[in-house]
Amino acid sequence: NDLFVELKRKQDLNGSLVIRGLMKNFPSRDLRYSFLQLFLDNVGLPDQLHQFQFYHWCKTEGILEGIQEKLASAGKDFSRELHNLFVSPHIAKSIMELMPGYAENEAVVRENLKYNFPIVNSISRKEFLYTIKHQIIPYFADNIPCILVALDEIQQFIGSDEDRAHDVQLLAEGLCKTFAGRL
């Protein structure tokens, strides 16, 4: 009972978040990338890393709301345009209008987006932890909240693959250590 009281005290102090889902819904050979996608999806952010990085860059540059407004006024959905990030004339045009001098024309904007936000299927341990701690969590919390991760059917995801089982163990240990036991 004392442990539940302490947990409740920490949740009241730092907030709480639950990440839940199936790893098989985010298939990748890289377990960290799959988990990152699940995490992003649970907090309502774009779940493809290149799309999230673009979203984060726009937010950091102070143009995210402007892009969303310009797309809405043109009758376009931000999420759909985000899925067509590298070819969307609407996103490129919005960036040109909101950031004069960023590029000479829309084609250059699209090339810059391809270069700066490449599609990836894996992520290094260091980038993975940095992305969660310094880019994702600040969207919904000032401090690292108490985060519970509930992965359904994880044994089916692991199967008889000893390497994958070891990767899951390393992932859990790395997250617990990096987030001071709050994740």
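Me: By class, how many nonpolar, polar and charged residues has the lining of the second largest pocket?
Reply: This is a predicted model, in which local features need pLDDT of at least 70 and side-chain atom pairs count only at pLDDT 80 or more, while totals for chains, interfaces and linings use all residues. Residues are numbered from 1 along each chain as its sequence is written, and side-chain values use heavy atoms, with hydrogens and water left out. Ala, Val, Leu, Ile, Met, Phe, Trp, Tyr, Cys and Pro count as nonpolar, Asp, Glu, Lys and Arg as charged, and the others, Gly among them, as polar. The lining of this pocket therefore divides into six nonpolar, one polar and four charged residues.

Me: Which element gives the most to the lining of the second largest pocket?
Reply: A pocket is an open set of points on a 1 Å grid over the protein atoms alone, where a 1.4 Å probe fits, with protein on both sides within 12 Å along at least five of seven lines; lining residues have an atom within 4 Å of a point. Here the lining includes D30, R125 and D167. Two or more lining residues come from each of α2 (31-42), α8 (125-136) and α10 (162-178), where helices (H or I, at least four residues) and strands (E, at least two) are DSSP runs. With five residues, the element that gives the most is α10.

Me: What volume has the largest pocket?
Reply: The largest pocket is lined by 13 residues, with L7, C146, I147, G181 and R182 nearest its centre. β2 supplies the largest share of this lining, four residues. A volume is the space filled by probe spheres set on grid points joined across faces, edges and corners. For the largest pocket, the value is about 280 Å³.

Me: Which residues touch the most other members of the largest nonpolar core?
Reply: A nonpolar core is a set of buried Ala, Val, Leu, Ile, Met, Phe, Trp, Tyr and Cys residues joined through side-chain atoms within 4.5 Å. The largest share of this core, seven residues, comes from α2. Beyond its neighbours within four places in sequence, F54 is in contact (heavy atoms within 4.5 Å) with residues including I67, L82 and F117. Of the 50 residues in the core, those touching the most other members are F54, I95 and I132.

Conventions. Buried < 20%, exposed > 50% of the residue type's maximum accessible area, 1.4 Å probe, protein only.
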